Amino acid sequence: MNDRRSEEKFDDKFIVLAVDDRDANLIALRALFSQTPDIELVEATSGEEALMITLQRNIHLILLDVNMPGMDGFETAEHLQAVERTRDIPIVFLSATAKAEVFMQRGYNLGAVDYLAKPIEDNLLINRVRLYQRLYQGHRALQANLETLRTAQERLLQTEKLAALNPMVIAVAHELNTPIGNCQLMVSTMREETAEIVRRWESGTNLRRTELEAYLRSNVEGTALLDKALTSAAHVVGRFKEMAVREHSWARSRFQLREPVNLAVSTIANRINMPGLEIIQNIPNGLPMDSFNSALAQVIDELLSNSLLHGFEGRGSGKISIEALLDSGGDQVLLSYIDNGAGMSAETLAKAFDPFYTTRFGQGRSGLGLSICYNIVAGLLGGEIGIRSAPGEGTEFSISLPLNAPVRDRNTQSGILT
């Protein structure tokens with residue numbers, strides 16, 4: 001656990017860093033936040049001073065003036081992004097004038113989560129800070145739940161009997177916990193804001209136009225977040241429903257190894273349109289297996305999909321080689337899958353088999369493909385799978401499988417869903 005997480009456990013207040021070279025603006029912010037005892041305001045008059053503060057203290061939100069002499073807001077944000085400790089701190093840019101879309105996009109690319117134009121209406125600013133405070137508190141609660149799950153998983157894996165419990169189950173709980181937690185947080189926020197508006201309306205209190213506009217903007221943002229979170233949860237559930245249906249169709253049988261490989265290759269060929277794709281199969285006849293034909297076909301299908309999605313992205317051609325041979329002992333088959341795609345960085349390679357890890361986050365990808373491969377091979381098929389890759393050098397998967405799959409208890413044989 002890094003220092004930042006350790007320090008966060010002792011933070012009772014939501015700490016906001018205001019960065020502005022004008023004393024009058026800082027004085028106004030100081031007066032505004034003096035009415036919020038659960039929010040601590042920290043001040044900096046330059047980008048350089050702000051960077052020093054973020055290295056010395058835990059900062060949960062930064063209100064960053066764009067136009068400052070010396071290091072301006074954009075350069076300050078760029079430095080914050082470059083440091084692991086500070087790159088995840090949300091930044092709200094404050095600008096004295098309305099700016100063009102390209103100006104604002106530059107800020108978003110540097111980690112900004114919001115843009116507010118000066119002069120800023122007090123209620124709008126407080127409501128916006130409160131929103132990020134609630135998101136931060138929700139994140140802390142989810143992190144605590146995740147740590148609990150990780151601790152529980154480590155204890156379970158210490159015994160042979162419970163080691164069969166697939167880590168994917170824990171990962172699914174975490175993956176669903178995040179969007180559901182976000183939904184709960186946003187619904188609570190919207191309910192409180194709506195209740196306040198209704199209370200003021202029923203009491204006959206006049207609502208200012210800026211207050212109503214702030215309420216409407218907050219609800220538009222809230223519904224967008226709800227939609228995104230629910231879509232993410234539905235995708236995870238749908239992926240696992242698909243896996244559950246497939247699992248029940250996996251029957252043990254006797255077959256030649258080339259049969260599931262041919263099935264996966266022909267299926268992917270009918271599914272995609274890539275004229276420049278070349279798939280070379282060198283699977284000799286005479287490799288009889290007593291195993292799970294459909295499960296092995298899915299392993300090849302997932303590897304092919306991974307090559308097409310990641311290895312050959314943006315390319316019109318690619319080459320894949322699938323070869324197999326018996327090992328010297330005669331009871332194991334060695335299957336080699338090689339593509340000449342983009343390859344993987346060291347960071348991606350280290351996490352390639354992790355559940356829900358994907359380099360296409362937020363683009364409708366679950367990050368389950370290679371994790372499914374690993375669990376089928378190591379669980380149901382009783383084999384081993386390894387991976388070698390480097391940027392620009394393609395990717396190679398080495399799979400070792402027994403010709404006779406191990407006999408497992410029906411409740412845990414798949415190693416994927418229990």
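1. Let's start with a salt bridge (a side-chain nitrogen of Lys or Arg within 4 Å of a carboxyl oxygen of Asp or Glu): Glu43 pairs with Arg30, and their closest N and O atoms are 2.6 Å apart. Glu43 sits in strand β2 (residues 39-44) and Arg30 in helix α2 (residues 23-33), so this pair ties together parts 13 residues apart in sequence. Helices (H or I, at least four residues) and strands (E, at least two) are DSSP runs, numbered from the N terminus.

2. Before going on, a word on provenance: this is a predicted model, where local features need pLDDT of at least 70, side-chain atom pairs count only at pLDDT 80 or more, and totals for chains, interfaces and linings use all residues. Residues are numbered from 1 along each chain as its sequence is written, and side-chain values use heavy atoms, with hydrogens and water left out.

3. Back to that first pair. Glu43 counts as partly exposed at 25% relative accessibility, and Arg30 is also partly exposed, at 43%. The scale is: buried under 20% relative accessible area, exposed over 50%, partly exposed in between (1.4 Å probe, protein chains only).

4. Next, Glu121 and Arg208 form a salt bridge, with the closest N and O atoms 3.3 Å apart. Glu121 is in the loop between β5 (112-117) and α6 (122-156), and Arg208 in the loop between α7 (167-202) and α8 (209-249), so the pair ties together parts 87 residues apart in sequence. Glu121 counts as buried at 19% relative accessibility, while Arg208 is partly exposed at 47%. Both belong to a salt-bridge network that links Glu121, Arg200, Arg208 and Glu211.

5. Glu221 and Arg128 also meet in a salt bridge (3.9 Å, N to O). This one links distant parts of the chain, with Glu221 in helix α8 and Arg128 in helix α6, 93 residues apart. Arg128 is buried, with a relative accessible area of 8%; Glu221 is partly exposed at 35%. The structure holds 17 salt bridges.

6. Helix α10 (residues 293-311) has 19 residues and should span 27 Å at 1.5 Å a residue; its end C-alpha atoms are 26 Å apart, which agrees. The expected span is 1.5 Å times one less than the number of residues. As for cover, 15 of the 19 residues of α10 are buried.

7. Zooming out, the protein chain has 12 helices and 12 strands, and 42% of its 418 residues count as buried. Among contacts (heavy atoms within 4.5 Å) with a separation of 6 or more, 72% come from residues 24 or more positions apart.
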